[in-house]
Amino acid sequence: MNCRKAKSILMSDEPLLIEKRALSEHLAVCSGCAVEADRFSAISKALHEMNSPIKAPDGLAAQVISRLRPESASPKEVYSPAPYRRFQWSQTWKRSLAAAAAVVLLMGGSMGIATRLGVLNIFGSPAVVVKTSSPQPAAKIPVQSNKTQNTPQSGSESVQVQKNDSQSNNLPEPEKAANNNLTAQTTTQQIITEPKVFLNVPRSIECILWKIKVADINNATDKMLAWARTGGISYSVENKITLDDSRTINIFRFGAPKASVDKFSNFISGLGGILEQDRNTRNVTDEFADKLERYHSLLAQKENSDGQQTKQLDAEIKAVEYELTLMDKEAQDQVVFIVWLQN
Amino acid sequence: MDAVKQLIIKSLENDLSAFEQLINIYQNRVFNLGYQLTNSYADAQDLTQEVFIKAYYSLKGFRNEADFGTWLHKITVNLWLNTKRKRGIANVISLNEPISDGENEVYRDLAATDGDPEQSLESKEFNGIVRKALGELSREYQAVIVLREIEGYSYEEVSLIMNCSLGTVKSRLNRARQVLKQQVIKLAKESGYVLPGISENRVIEEV
């Protein structure tokens, strides 16, 4: 046997008996192949030792089931709104890691990032928006302010940092046209798609921010979500930013019934060291009106679309509808909690 | 009809409590593979969730010809390969740092519990090098090594999970082992670790 043949047998993990015999004869006389064999076997042994069973985290099944239990529980349902897209989001965030880190440096304030990344568009018009193009436009829409939604596209994975000064500048031409034709088209559209009816009334949302440093971020996250579930508190945004191997930031947005605000605040403050705390009330009347206008405009566009375009518009319509519903609910009887956990 | 099949049929009828039972049966298996692939507790958790979500929506495609757990592993590998590709960021792996499962700290690589302590420390260090080297391979190579060497799947099962022919599995595995070995040598050199020397008897036995 030559060395070449010996090496090919070494790498095959199902050698024939006759091959094994020939190999051991060769290894006895060839020190080079013997070293090679030893290395392979050491690596193989190390790999086998890696199979140390780890238990799946508690509550995993419940989390999956809660994601599978949106209003429409048919397995055929393709679209799922923001809270049910956890994985894609976290991947998106990891992809935008570099950009996010740059934004952190730019702004120097951690609460500021969340606001400006468009996560917390509740705090006003973001000056800087990090936009991640994704092959699944529907999945990203709910995270972003409506100013960055006009880009259903695929393939590109670049992360851009954009400045948005005014909404109208960002609207593509067909959309502006659609806006003008709004009244006539919406009437027909309502019959076909049965859009929800939203009223333009004064709305304001009360918001409480917590920024907490915790020892064990996974544990704190699980505890917090478990508390929210049992306390009837919905959570609607979750983002995960991994700054480096050991530092992670998790951001959540909860909608708590007014009656649970104090209890939930007490619980949150007990999770770890409080880095920042803030409370404000924001008038969202104009933002709601803008979104509603966009909603109607999308419905109108859908009227003149077909095939793939209709599908995309449908996803976008659903996303905006979801945002409107959420905003409406939050303004009526909820207090929004933004909880930022970091380790 | 076995219990798993019944749960699958019920899940197909949108019975979420049946599907929850399926998750409870298979979550450790999926989570473990997820952990071997991602080498991160949090990513494995995310991946496992996605696997079950995807499985729920694709249940119709499960034809009972494979073991349900193997089918879930197929979804796991596919999701992981795809997300990795989209992400395009190499894994950052730390050596032998304890990870937390929420309550207890778990070590990535368990050192041999028998034998003298020096040797077990040494084997721990070596395992760390192998783990790091594995993380630096291409996704396909990592997957094929994890499935075959760590999870102990047969060639046939690996070919089913990775959706490629037996021949491809074998040649990919051979190349992956070769690249892994080179990477281990490189990392060992960098960290000043002396690789195992010659001990012909052991080699012959194991080969």
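In which loop of chain B does F62(B) lie? In this predicted model, local features need pLDDT of at least 70 and side-chain atom pairs count only at pLDDT 80 or more, whereas totals for chains, interfaces and linings use all residues. Residues are numbered from 1 along each chain as its sequence is written, with chains lettered from A and ligands numbered from 1 in the order in which they are written.

F62(B) is placed in the loop that links α3 (41-58) to α4 (68-87) of chain B, helices being DSSP runs of H or I with at least four residues and strands runs of E with at least two, numbered from the N terminus. With 17 other C-beta atoms within 10 Å, F62(B) is partly exposed; a residue is buried when 20 or more other C-beta atoms, placed from the backbone, lie within 10 Å of its own, exposed when there are 12 or fewer, and partly exposed in between. Apart from neighbours within four places in sequence, F62(B) is in contact with I8(B), F68(B) and W71(B), a contact being a pair of residues whose C-beta atoms, placed from the backbone, lie within 7 Å. A C-alpha separation of 9.6 Å is found between F62(B) and L72(B), which are ten residues apart along the chain.

Chain B as a whole holds nine helices and two strands, arranged along the sequence as α-α-α-α-β-β-α-α-α-α-α. Of its 207 residues, 39% count as buried, and of the contacts in chain B between residues at least 6 apart in sequence, 59% join residues at least 24 apart.

Chain A contains 15 helices and seven strands, and 36% of its 343 residues count as buried. For chain A, 73% of the contacts between residues at least 6 apart in sequence join residues at least 24 apart. Strand β6 (residues 273-283) of chain A lies largely in the open, because the number of buried residues among its eleven is zero. β6(A) runs antiparallel to strand β3 (residues 204-213) of chain A, to which ten bridges join it, pairing of strands requiring at least two DSSP bridges between them; D278(A) in β6(A) is the bridge partner of L209(A).

Between the chains, helix α3 (residues 31-49) of chain A packs against helix α6 (residues 139-150) of chain B at an angle of about 80°, with the axes 9 Å apart. The contact involves S44(A), L47(A) and H48(A) of α3(A) together with I145(B), E149(B) and I150(B) of α6(B).

Conventions:
Two residues are in contact if their C-beta atoms, placed from the backbone, lie within 7 Å. Axes are lines fitted to C-alpha atoms, for helices over the stretch in contact, and angles run from 0 to 180 degrees between N-to-C directions.
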